[in-house]
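I am opening a page for a structure that is new to me. These are my entries, in the order in which I looked things up.

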Amino acid sequence: MPFRNLSEFLRALEADGDLVRITREVSPRLEIAEIADRAVKGDGPALLFENVSGSVVPVAINLFASRRRMLRALDLSSWEEWEERLAPLLDPTPPAGLLDKLKALPKITELAQVFPKTVRSAPCQEVVETGDAVDLGRLPVLTCWPQDAGPFITLPLVITRDPATAKVNVGVYRMQVYDRNTTGMHWQKHKDGAGQARGYEREGRRMEVAVAIGADPATVFSGVAPLPPGISEFLFAGFVRSEGVPLVEAKTIGVPVPAEAEIVLEGYVDPGERRREGPFGDHTGFYSLDDDFPVFHVTAVTRRRNPVYLTTIVGKPPMEDGFLGEAVERLFFPLVRKMIPELVDMHLPVEGIFHNLMLVSIDKRYPGHARKTMHAIWGTGQMMFTKTIVVFDRDADLRNSADSLWRALTAIDPERDIEFVHGPVDELDFAARLPCYGSKMGIDATRKWKEEGFARRWPDEIVMTDDVRRRVDAMWPELGIRLRGGAAS
Ligand SMILES: Cc1cc2nc3c(=O)[nH]c(=O)nc-3n(C[C@H](O)[C@H](O)[C@H](O)COP(=O)(O)O)c2cc1C
Ligand SMILES: [Mn+2]
């Protein structure tokens, strides 16, 4: 059974002993951030702050801040289980005989169930506030870091429609709260929400925007998922939870919202309007500098009678978003491999904050294959932002950073094996020469071939034979050698 809403997920975490309720009064100004930071860095539990100064609404944070909870959120026991679920979709073998066709039927009906369902009445609309009743100041919005420009809504599902196709997009874009009914709208240039906004601006039209705060975990995750433009995040969430997401039409605008959401903000973004946004302590580990961004005017708030405010903080890794990032890596890898089939494995170390470092291993088949792989990655969706790509042969253990470092550094002749390219870079990359434009680096750490102009001999890697290892395993207890840890054990 998938989690239908946030409270079901909270209850499940509590039953697992993986959630702590905090009843002592704490401030949403910096205090919750400091507590949440310590909790995530120490592999602590999810946190529910029930007594937040200045608000009656409890704050939930770190719900996704461990691999265990991330898997729980997606209703998976392991990443392998996800690959197994995708396999019939990615490698469909047409049923051969009548019997096989009949057997395939349940799978097809199962798939039909993952489409969003429209409902008429919804928990997220138990209370409706419009006009003067709208007051964002009543929400326990966190000020995360000392130099932040103010409080920021950090995990909002920003829901918009494409002006041309009416297709719905969902993206998590942070929102700086300016006053009781205005916020910033920090969709970066390359993101789908910004793309749709450009369409409205060209036509000089006002853009309707709904923002859901707090929903079932699969739906929240879908807002972060880097789906290609035009692919529905709500459909993706339905597939992840094996059950379509119930949607309800917002009360005052023509945008669908998750019926089971905790809080929904309804309003608009006007074409051309910009306001200073930031600084904001960002997931780079640095403050993103202030800049001009669109403005969201909130004209209505709908909510549950007793909502929970779901949030997160970003900062120096590892943070909660690192675990969301790992889930993105694992859930999307089977799809990426469909497009770049030579990929054996892919890993984004958390210190690389998603876009700074990607390690991949390939089944190298032809001269220049490593470079072809880099360019394919730079040419695919949000992977275009990857500042450094290191390509290894298939036997590399990418999740072992000591092994990766050793392997990459021994395998390169830097001038020959490092390739620089110019192109789009992440908007948060403050080191790039220009905003959103800069250089990227690919490192070919594969064994070099004769056909690639390598005229020398490439040595074998040192590995003990299996039979000697087995013999020593057997005699080990008799040897009386106590290891104090390290790589040999
Ligand atoms: C906690 C968190 C905060 C984020 N904040 C932003 C943001 O402020 N602006 C932005 O463009 N992307 C932000 N992202 C990344 C987007 O959610 C992500 O790129 C997503 O795929 C965008 O959806 P889209 O492809 O439909 O545009 C954030 C991600 C996380 C996990
Ligand atoms: Mn999208």
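Entry 1. I looked at strand 7 and found that strand 7 is mostly covered, with 5 of its 6 residues buried. I note that the model is a predicted one, and I read every entry here with that in mind.

Entry 2. I asked which strands pair with strand 7. Strand 7, residues 156-161, pairs with strand 8, residues 168-172, in the antiparallel sense, and I counted 5 bridges for the pair. Strand 7 also pairs with strand 11, residues 207-213, again in the antiparallel sense, over 4 bridges.

Entry 3. I then went through single positions in these pairings. I found I159 opposite V170 of strand 8. For R161, I noted V168 in strand 8 as the bridge partner. Towards strand 11, I found L157 standing opposite A212.

Entry 4. I followed the chain from strand 7 to strand 8. The two strands form a hairpin, and 6 residues lie between them. In the turn I noted A166, which has a positive phi of about 65°.

Entry 5. I moved on to ligand 1 and asked which residues come nearest to it. There are 20 residues around ligand 1, and those that come nearest are V172, Y173, R174, H186 and D192. By class I listed 8 nonpolar, 8 polar and 4 charged residues in this shell.

Entry 6. I checked which elements supply the shell around ligand 1. Strand 8 and helix 7, residues 217-224, each supply at least two residues. Strand 8 gives the most, with 4 residues. I note that this is the strand that forms the hairpin with strand 7.

Entry 7. I looked up polar atoms close to ligand 1. In the side chain of N169, an N or O atom is 3.0 Å from an oxygen atom of the ligand. At H186, a backbone N or O atom lies 2.6 Å from a nitrogen atom of ligand 1. At V224, a polar backbone atom is 3.0 Å from an oxygen atom of the ligand. Taken alone, ligand 1 exposes 630 Å², and the protein buries 91% of that.

Entry 8. Q125 sits in the loop between strand 4, residues 117-118, and strand 5, residues 127-130. Leaving aside neighbours within four places in sequence, I listed V248, E249, A250, K251, T302 and R303 as the contacts of Q125.

Note on methods: Residues are numbered from 1 along each chain as its sequence is written. Chains are lettered from A and ligands numbered from 1 in the order in which they are written. This is a predicted model: local features need pLDDT of at least 70, side-chain atom pairs count only at pLDDT 80 or more; totals for chains, interfaces and linings use all residues. Side-chain values use heavy atoms; hydrogens and water are left out. Two strands pair if DSSP finds at least two bridges between them. A residue is near a molecule or strand if one of its heavy atoms lies within 4 Å of it. A polar contact is a pair of N or O atoms within 3.5 Å; within protein, one must be able to donate a hydrogen and the other to accept it, and residues adjacent in sequence count only if both atoms are side-chain atoms. Accessible areas come from the Shrake-Rupley method with a 1.4 Å probe; for residues, only the protein chains shown count as cover. Ala, Val, Leu, Ile, Met, Phe, Trp, Tyr, Cys and Pro count as nonpolar, Asp, Glu, Lys and Arg as charged, and the others, Gly among them, as polar. Contact means heavy atoms within 4.5 Å. Buried means under 20% relative accessible area, exposed over 50%, partly exposed in between (1.4 Å probe, protein chains only).
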